[in-house]
Amino acid sequence: MTDRIYLDHAATTPLDPRVEEAMRPFARERFGNAGSIHSFGREAKAALDSARDATARVLGCACAEVVFTGGGTESDNLALLGVARAARSPCDRHPGPPGLGANRQRGNHVVISAFEHHAVMGAALLLEEWGFAVSRLPVTPDGMVEPQSLAEAMRDDTILVSVMLANNEVGAIQPVAELAAIARERGALFHTDAVQAAGAVALEVDRLGVDLMSLSAHKIYGPKGVGALYVRRGTRITSIMGGGEQERELRPGTENVPGIIGFAAALELAEEMREAETARLAPLRDKLVTGVLDTIPGSRLNGAREPRIAANANFAFEGVSGETLLVKLDLLGIAASSGSACAAGSLEPSHVLRAMGLTKPLAQSALRITLGRATTERDIDRVLEVLPQVIAELR
Ligand code: PLP
């Protein structure tokens, strides 16, 4: 099947050949352990250092503020659980220099939004098991977290706020700079999950005003199972795993050198291509949205048109089962999604769409189409050609 059309780039992306090329030597002849003192190890360590440099350049931060992890889920867990654990810790393991972004030390309250990725939602559930209080901010029907609702949720004992930069299901870009300012003014740390925003939104951490930021390589044409957590200097955070002293003692375990090289190469490329890709994809996405809304009765776009990442379109179709729709499209060679990949296969409607106020049946009728580097106008035309017919048959 050579003419399959892949429109599920929010689930994952193919490895960019340039990224693969950068990684290859470190899986083969330059295979050393970055912790070894011999030349093999030093070679790997030097590569790790340059990957950290490259990542720091994109984020506008210091190299020491980049912690490589095993992907977006792990970064989110390290951010939430690591900060919470440090807040409970009797000793200052990683207190950082005084005054430099240090959070208010002790507290029992964490704030997230109601439509975070499962990684943050799940970490928040663990925090509740640990005895923390968690507030979940409401989202508007357009898919936005309002600064006012954060201002109202903040408490004197709030240690951390976590709101994603771009939502994975509806692509809505959140007012992170404003939200972060509110949190930090009240002495809390601010974490953002930027996994879906990378390559679509500028990631400069100072402009965003965030203390912690999660990234994942496989959403930006890098390898799976590797990512990073930006940790602002002075942030009180501890490891959530026991082990070695790698990654400033925050992420023990032998570094995935080829993966990290791939992550950094992918991030640099994504940043380099960001503006041009946005300019190319936005009109294609708009053509798709207008085409669907004009030709399919009972259809709606989930989430505001703006601010939204250029690659994302998410629809609901009255009276249609999203799962069946996906299967039908797949048979026609079109790969899309009914929500987040992790929710696929589950009969539960998307918590994101439910948080935005969609009824259960409408949320279960959702179709997420996410464009990528290989997407052409022909792909969009093909979707517009088959979708009205498929929907009509399903009704
Ligand atoms: N956060 C968001 C917003 C995501 O979309 C994803 C992946 O779907 C993740 C976190 C998890 O990233 P990973 O697949 O690297 O664990």
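Biologist: Which residue forms a salt bridge with R18?

Modeller: This is a predicted model, so every value here is computed from it. In it, the closest N and O atoms of the pair are 2.9 Å apart. A salt bridge needs a nitrogen of Lys or Arg within 4 Å of a carboxyl oxygen of Asp or Glu. The partner of R18 is D16.

Biologist: Is D16 buried or exposed?

Modeller: Buried means under 20% relative accessible area. R18 has 46%, so R18 counts as partly exposed. D16 has 7% relative accessibility, so D16 counts as buried.

Biologist: How many salt bridges does a search of the whole structure find?

Modeller: The pair R18 and D16 is a salt bridge. R274 and E271 form a salt bridge as well. The search of the whole structure gives a total of 22.

Biologist: How many residues apart in sequence are the parts that D156 and R186 tie together?

Modeller: D156 and R186 form a salt bridge, with the closest N and O atoms 3.3 Å apart. D156 sits in the loop between α5 (147-153) and β5 (158-162), and R186 in the loop between α6 (176-185) and β6 (189-193). The pair therefore ties together parts whose separation in sequence is 30 residues.

Biologist: Is D156 buried or exposed?

Modeller: Exposed means over 50% relative accessible area. R186, at 31%, is partly exposed. D156 has 64%, so D156 is exposed.

Biologist: Which helix holds both R274 and E271?

Modeller: The closest N and O atoms of their salt bridge are 3.0 Å apart. R274 is buried at 15% relative accessible area, while E271 is partly exposed at 25%. The two are three residues apart, about one helical turn, in helix α8 (residues 257-295).

Biologist: How much of the area that the ligand exposes when taken alone does the protein bury?

Modeller: Start with the contacts. An oxygen atom of the ligand is 2.6 Å from an N or O atom in the side chain of S216, and another distance, to the side chain of Q196, is 2.8 Å. A polar side-chain atom of K219 lies 2.6 Å from an oxygen atom of the ligand. Alone, the ligand exposes 390 Å², and the share buried by the protein is 88%.

Biologist: Which helix gives the largest share of the shell around the ligand?

Modeller: The ligand is surrounded by 13 residues, with T73, D193, Q196, S216 and K219 the closest. By class, the shell has two nonpolar, eight polar and three charged residues. The largest share is three residues, and they come from helix α3 (residues 72-88).

Biologist: What is the accessible area of the nonpolar patch that includes W130?

Modeller: W130 is in the loop between α4 (118-129) and β4 (133-137). At 36% relative accessible area, W130 is partly exposed. The surface patch is made of L126, W130, I240 and M241, which together have about 330 Å².

Biologist: What distance separates the C-alpha atoms of T13 and I369?

Modeller: T13 lies in the loop between β1 (5-6) and α1 (17-27). T13 is buried, at 3% relative accessible area. Along the chain, T13 and I369 are 356 residues apart, but the separation of their C-alpha atoms is 13 Å.

Technical notes:
Residues are numbered from 1 along each chain as its sequence is written. This is a predicted model: local features need pLDDT of at least 70, side-chain atom pairs count only at pLDDT 80 or more; totals for chains, interfaces and linings use all residues. Side-chain values use heavy atoms; hydrogens and water are left out. A residue is near a molecule or strand if one of its heavy atoms lies within 4 Å of it. A polar contact is a pair of N or O atoms within 3.5 Å; within protein, one must be able to donate a hydrogen and the other to accept it, and residues adjacent in sequence count only if both atoms are side-chain atoms. Accessible areas come from the Shrake-Rupley method with a 1.4 Å probe; for residues, only the protein chains shown count as cover. Helices (H or I, at least four residues) and strands (E, at least two) are DSSP runs, numbered from the N terminus. Ala, Val, Leu, Ile, Met, Phe, Trp, Tyr, Cys and Pro count as nonpolar, Asp, Glu, Lys and Arg as charged, and the others, Gly among them, as polar. Patches are made of residues with over 30% relative accessible area and no salt bridge: like charges are joined within 9 Å, nonpolar side chains (Val, Leu, Ile, Met, Phe, Trp, Tyr) within 5 Å. A salt bridge is a side-chain nitrogen of Lys or Arg within 4 Å of a carboxyl oxygen of Asp or Glu. Buried means under 20% relative accessible area, exposed over 50%, partly exposed in between (1.4 Å probe, protein chains only).
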